[in-house]
Amino acid sequence: MKFLYFDQVGSTQDIVKDLAQADEIEPTWVMADRQTKGRGRRSREWVSRDGNLFASGLYPWKADPTLKPLASFVVALAVAKTFESYINPVLISLKWPNDVLVAGAKIGGILLEAGEGWLTIGIGLNLQHHPEDQPYPVTHLLAHIPEADMAGAEPVFAGADPILAQLSKFITEGLETLQTKGFAPIREAWLSRAARLGETITVNLDSEQITGTFETLGENGALQLRLGDGTLRNILAGDVLL
Ligand code: BTN
């Protein structure tokens, strides 16, 4: 695994995509202290000030391409597992499809982009602060680290580098599992941390909002929603409202 560090870039995601498109597809992580053109999902801007984590990974993909979108569950799980050694694990949950929540609020974002034979994973994590004025609850890691740990000789929270080291390890292992064993083990681990499972939720689709009971995660990664009339709806893309 190669790690490249920068003070400032436009977007770490663009750097790994350039490597992929130049056919330099070896496992690589690019991290920057700040980004001037951070990108989020749906072409939204990703505000990227110093103190948070901005990283993108490039991985070769050799398995069935239909499994590729399921990598987003691997990444969300890896973030959850990494944070479990910093804060109380009961605070952490996963919101379909790839959000990580701490105390019910969003703590970062994941952006997957792929081409033939490769996959890029962009991760932005709120470590020291979070942007204000978001349309949903937002938080950052430091706010949940017990004070006793911060006062210790070796602070538990030492910045983004050790977090990326753990994250990349969990992601490498998870992608290996996904490509060799399929989605089942990932699905099970994700479900054990799922937010709002069995509860009534509202999902924003492009053309409508639907409300129902979050029954389970399908074997293809779909959110399965039981509607009021008893039918089961499989949702492959949408936003669960917080
Ligand atoms: C989202 O919209 O929730 C996904 C946000 C992804 C942000 C990360 S920060 C590192 C990488 N570089 C980018 O420009 N975007 C991703």
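This is a predicted model: local features need pLDDT of at least 70, side-chain atom pairs count only at pLDDT 80 or more; totals for chains, interfaces and linings use all residues.
Residue numbers start from 1 along each chain as its sequence is written. Helices (H or I, at least four residues) and strands (E, at least two) are DSSP runs, numbered from the N terminus.

**The five-stranded sheet**

- Five strands make an open sheet in the order β1-β2-β3-β8-β7, and the pairing is mixed; two strands pair if DSSP finds at least two bridges between them.
- β1 (2-9) and β7 (108-115) sit at the edges with a single partner strand each, so one side of each has no neighbour in the sheet.
- From one strand to the next, the twist averages 15° (axes are lines fitted to C-alpha atoms, for helices over the stretch in contact, and angles run from 0 to 180 degrees between N-to-C directions).
- β1 pairs with β2 (residues 28-35) in the parallel sense, over seven bridges, and Phe3 has Trp29 in β2 as its bridge partner.

**Helices on the sheet**

- Helix α1 (residues 12-21) packs on the sheet and touches β1, β2, β3 (53-60), β7 and β8 (118-125), with its direction at about 15° to that of β3; contact means that C-beta atoms, placed from the backbone, lie within 7 Å.
- Thr12, Gln13, Val16, Leu19 and Ala20 are the buried residues to look at in α1 (buried means 20 or more other C-beta atoms within 10 Å of a residue's own, exposed means 12 or fewer, and partly exposed is in between, with C-beta atoms placed from the backbone).
- Looking down the axis of α1, its buried residues fall within an arc of 125°, so they line one face of the helix; the arc is that of the directions from the helix axis to the C-beta atoms.
- The cover over those buried residues of α1 includes β1, β2, β3, β7 and β8.
- Asp18 and Gln21 are exposed on the face of α1 turned away from its buried side.
- Just after α1 comes Asp23, with a positive phi of about 70°.
- Helix α4 (residues 160-181) lies across β2, β3 and β8 and runs at about 30° to β3.

**A buried tryptophan**

- Trp46 is in the loop between β2 and β3, and it is buried, with 20 other C-beta atoms within 10 Å.
- Beyond its neighbours within four places in sequence, Trp46 is in contact with Gly38, Arg39, Gly40, Gly109 and Gly124.

**Hairpins in a row**

- β9 (residues 200-204) and β10 (residues 209-217) pair in the antiparallel sense over five bridges, and a hairpin of four residues joins them.
- Val203 has Ile210 in β10 as its bridge partner.
- β10 also pairs with β11 (residues 223-226), again antiparallel, over four bridges, with Phe214 opposite Leu225.
- Five residues lie between β10 and β11 in their hairpin, and Gly221 in the turn has a positive phi of about 90°.

**Where the domains meet**

- Ten residues of domain 1 are in contact with six residues of domain 2.
- On the domain 1 side, helix α5 (residues 184-191) gives the most, with three residues.

Definitions and conventions. Two residues are in contact if their C-beta atoms, placed from the backbone, lie within 7 Å.
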